Amino acid sequence: METRTELAILFADIAGSTQLYEQLGDVKAREATSRCLDLISSTIVRFQGDVIKSIGDEVMCTFPNGEQAGKAAVAIQETTCDFHPIPGLNLRVRIGFHLGQVIAETGDVFGDAVNLAARLTSLAKPGQILTSQETLEQMNEELRLSARQLTDTQVKGKSRAVQLIELTWGEVSDLTITGTSFPSLLQTSRCSLKLFFGEEEHIINLQSPTATIGRVEDNTVVVNNPMISRHHARLEHRPGDSFFLIDLSTNGTYVQNEKVGDLFLHRNELLLEGSGLISPGNKPTEDSTTTIRYLIDTEQD
């Protein structure tokens, strides 16, 4: 019998498990991931969650509300970051969760909320927790203060883009929170990141702290090429006047500058320095129509 109800759906996925099997072999890798999944599952239960199923190296679970899901997500990251399932090995976890209406049927759940939670997990970096703005609004003040707003993302089946929210965790010195946590630092920001694409110029700074690159029209920089994902990469201004490029794509992003030479990003991030080239999906060439120039501009007195 199926019933409709509101639940928070959370996915916790062990990052890099494919490479782990290649490095350790099937027996040791399975032992390590199983121990990590057991730790994740026990943490879920401790925060009033129900484990629905394990899918490969991923756990799917439900919580009665978004606040419990948020607390559990933070606890999972905190417990797994220092956990060594076998000597010398530490596994990192990606987490995504969303509160919404679902169909519950014979020990499983279905619906848009499940699909969105899965999408958020796929966008998360190792060690990161992603949720939606709607879910964040249902949490307590402590969790809301630990959150930072990222970019919007388009989700299949949704007419409007979903606002991505990251829940930060760990020691304050390890976090990259923007907002009231670092007011004096942010208010004295004098740096900007300039992007040049064709005749376009876009500026990322304290007042406009994010920009996106991708194939569809809702991006800041629209690059129309089949090698480029709909939402390919994101750029962020962070405390300390630092600028990061975060790849979200299928085919990756190439970066070229004097500091790193030629570098390939795929589902990870890079601190940008000086000036150089950003090339989504393809290596940069002199005649490329998909290459973006960037320049970090520091104002002088």
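## Burial and overall build

Buried residues account for 50% of the 301 residues in this protein, which is a predicted model. The chain is built from seven helices and 19 strands. Its radius of gyration is 20 Å, close to the 19 Å that the globule rule gives for 301 residues, so the protein is as compact as a globular protein of that length.

If you turn the model along its principal axes, the C-alpha trace spans about 60 × 45 × 40 Å. The protein exposes about 15,100 Å², and carbon and sulfur atoms supply 47% of that area. Among contacts with a separation of 6 or more, 56% are between residues 24 or more positions apart.

## Strand β8 and its two partners

Strand β8 covers residues 162-167, and six of its six residues are buried. The cover applies to both faces: V162, L164 and E166 are buried on one side, and Q163, I165 and L167 are buried on the other.

Strands of a sheet pair through backbone hydrogen bonds, either parallel or antiparallel. One partner of β8 is strand β6 (residues 129-132), which pairs with β8 in the antiparallel sense over three bridges. To find your place in this pairing, look for S132, which stands opposite L164 of β8. Strand β7 (residues 147-153) also pairs with β8 in the antiparallel sense, over five bridges. Here Q149 has I165 of β8 as its bridge partner.

## Salt bridges

Side chains of opposite charge can pair when their charged atoms come close. In this model the count comes to 12 salt bridges, and three of them are worth a visit.

Let's begin with a pair inside a helix. R35 and E31 meet through their side chains in a salt bridge, at 2.9 Å from N to O. Both residues lie in helix α2 (residues 26-46), four residues apart, about one turn of the helix. R35 is partly exposed, with a relative accessible area of 40%, and E31 is also partly exposed, at 31% relative accessibility.

Next come D108 and K53, whose side chains meet in a salt bridge at 3.1 Å, N to O. D108 lies in strand β5 (residues 108-110) and K53 in strand β2 (residues 50-55), so the pair ties together parts that are 55 residues apart in sequence. D108 counts as buried because its relative accessibility is 16%, under the 20% cut-off. K53 counts as partly exposed at 32% relative accessibility.

The side chains of E166 and R148 form a salt bridge at 2.7 Å, N to O. This pair links distant parts of the chain, with E166 in strand β8 and R148 in strand β7, 18 residues apart. Both E166 and R148 are buried. Salt bridges that share partners join K125, R148, E166, R234, E236, R238 and E269 into one network.

## An open five-stranded sheet

Another feature to pick out is an open sheet of five strands, in the order β12-β11-β13-β14-β17, with mixed pairing. Strands β12 (221-222) and β17 (269-272) stand at the edges, each with a single partner strand, so one side of each is left without a neighbour in the sheet.

Within this order, strand β11 (residues 210-214) pairs with strand β13 (residues 233-238) in the antiparallel sense over four bridges. A handy landmark for this pairing is I213, which stands opposite A233 in β13.

T253 belongs to strand β15 (residues 253-257). At 1% relative accessibility, T253 counts as buried.

Notes:
Residues are numbered from 1 along each chain as its sequence is written. This is a predicted model: local features need pLDDT of at least 70, side-chain atom pairs count only at pLDDT 80 or more; totals for chains, interfaces and linings use all residues. Side-chain values use heavy atoms; hydrogens and water are left out. Buried means under 20% relative accessible area, exposed over 50%, partly exposed in between (1.4 Å probe, protein chains only). Helices (H or I, at least four residues) and strands (E, at least two) are DSSP runs, numbered from the N terminus. Two strands pair if DSSP finds at least two bridges between them. A salt bridge is a side-chain nitrogen of Lys or Arg within 4 Å of a carboxyl oxygen of Asp or Glu. The radius of gyration is taken over C-alpha atoms; the globule rule is 2.2 Å times the number of residues to the power 0.38. Contact means heavy atoms within 4.5 Å. Accessible areas come from the Shrake-Rupley method with a 1.4 Å probe; for residues, only the protein chains shown count as cover.
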